[in-house]
Amino acid sequence: MNRQYADLLAPSPRRHRSHGPVVPAGHPACPTPSYAVPQAGAVSVLVVENDPRAADPLIQGLVRHGYATHGATTGAQALRGHAQADLVLLDLDLPDLDGLEVCRGIRAVSDLPIIAVSARGSELDCVLCLQAGSDDYLVKPYGFRELLARMEAVLRRTRGLRPEPAAAGRVVTHGPLRIDPGARTATLDGRQLDLTRKEFDLLHLLASQPSTVIPRRQIMAQVWEDAWSPRGRTVDTHVGTLRGKLGDSSWIVTVRGVGFRIGDPTGPPPDELPARAGVGRG
């Protein structure tokens with residue numbers, strides 16, 4: 001998030017005041033991002049940026065303009081920490097996951113406003129990002145005042161300053177399969193499935209993004225909170241047990257070399273369903 005930051009730390013006419021110390025972005029190995037203590041009523045912003053030279057002045061500037069700001073340096077941290085935020089500033093160039101995968105992962109479970117940031121400024125890049133679920137797209141380098149204006153515009157368009165957190169708990173239905181993340185229950189044809197915590201999280205992740213291939217690395221980040229280590233055949237083992245409990249292996253489709261997507265034995269054959277693969281890395 002380069003460019004001159006001369007106006008970054010200048011006082012703002014915004015009604016909020018600075019509310020506490022800035023917590024710098026953590027090391028990629030850190031399990032979760034750290035959070036600044038927000039002033040009551042302040043909008044919480046998650047800054048996803050792995051370069052501290054860009055992240056630190058940006059976080060400081062947002063705090064000075066009244067935002068409760070915290071940082072994440074990896075896609076895995078963003079997927080775990082977005083529920084604490086009112087808006088996400090998502091850099092697409094991350095060390096562990098493709099930024100579009102992260103955007104899709106957040107959008108699958110939340111209506112949280114997302115502004116994507118990238119040095120890639122082609123029309124195709126912008127279109128792909130908007131299709132992945134971002135609300136706006138900002139090309140580096142950009143001005144800080146432009147960023148503030150876009151943030152406030154996105155917040156106005158998305159149910160005011162406080163998006164409903166209930167979106168993350170919405171019930172997912174896929175044919176006869178019904179998943180309630182709030183109650184953490186899954187039923188198939190009205191029959192409750194006896195799932196472990198990881199099996200439930202894996203099934204919910206796949207069913208939340210029908211017809212989308214979820215890369216293995218994204219599965220590891222969202223279900224096992226670890227996008228760095230290979231973890232052997234952990235994913236395959238859990239997919240196998242899930243297929244057994246669902247009673248039909250075609251409920252979970254393997255896309256060789258990429259990952260998995262949800263299927264439906266009661267629907268059309270798999271080759272008649274278009275699959276939208278996650279971008280880049282599996």
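I started with Lys245, which makes a salt bridge to Glu199, the closest N and O atoms being 2.7 Å apart. My salt bridge cut-off is a side-chain nitrogen of Lys or Arg within 4 Å of a carboxyl oxygen of Asp or Glu. The two partners sit in distant parts of the chain, Lys245 in helix α8 (residues 234-246) and Glu199 in helix α6, 46 residues apart. Helices (H or I, at least four residues) and strands (E, at least two) are DSSP runs here, numbered from the N terminus.

Ground rules, before I go on. This is a predicted model, where local features need pLDDT of at least 70 and side-chain atom pairs count only at pLDDT 80 or more, while totals for chains, interfaces and linings use all residues. Residues are numbered from 1 along each chain as its sequence is written, and side-chain values use heavy atoms, with hydrogens and water left out.

**Accessibility of that pair.** I take buried as under 20% relative accessible area, exposed as over 50%, and partly exposed as in between (1.4 Å probe, protein chains only). Glu199 is buried at 5%, and Lys245 is partly exposed at 29%.

**Other salt bridges.** How many salt bridges does a search of the whole structure find? I get eleven. One of them joins the side chains of Asp111 and Arg170, at 3.2 Å from N to O. Asp111 is in the loop between α3 (99-109) and β4 (114-118), and Arg170 is in the loop between α5 (144-157) and β6, 59 residues apart. I find Asp111 partly exposed at 32%; Arg170 is also listed as partly exposed, at 32%. Asp201 and Arg184 meet as well, at 2.9 Å from N to O. That pair links helix α6, where Asp201 sits, to the loop between β7 and β8, where Arg184 sits, 17 residues apart. Arg184 is partly exposed, with 40% relative accessible area.

**The sheet.** Next I traced an open sheet of four strands, in the order β6-β7-β8-β9 with antiparallel pairing. Its edge strands, each pairing on one side only, are β6 (172-174) and β9. Helix α6 (residues 197-208) packs on this sheet, touching β6, β7 and β8, and its direction makes about 115° with that of β7. Contact means heavy atoms within 4.5 Å; for the angle, axes are lines fitted to C-alpha atoms, for helices over the stretch in contact, and angles run from 0 to 180 degrees between N-to-C directions.

I call two strands paired if DSSP finds at least two bridges between them. β7 (residues 177-180) and β8 (residues 185-188) have four bridges, with Leu177 opposite Leu188. Their hairpin has four residues between the strands, and Arg184 takes a positive phi near 55°. β8 and β9 (residues 191-192) have two bridges: Thr187 partners Gln192, and Leu188 partners Arg191. Two residues separate β8 and β9 in their hairpin, and Asp189 in the turn has a positive phi of about 55°.

**Cysteines.** Cys129 is buried at 0%, whereas Cys126 is partly exposed at 24%.

**Ser44.** Last, I checked Ser44, in strand β1 (residues 44-48). Ser44 is buried at 11%, and its contacts beyond four places away in sequence include His70, Gln84 and Leu87.
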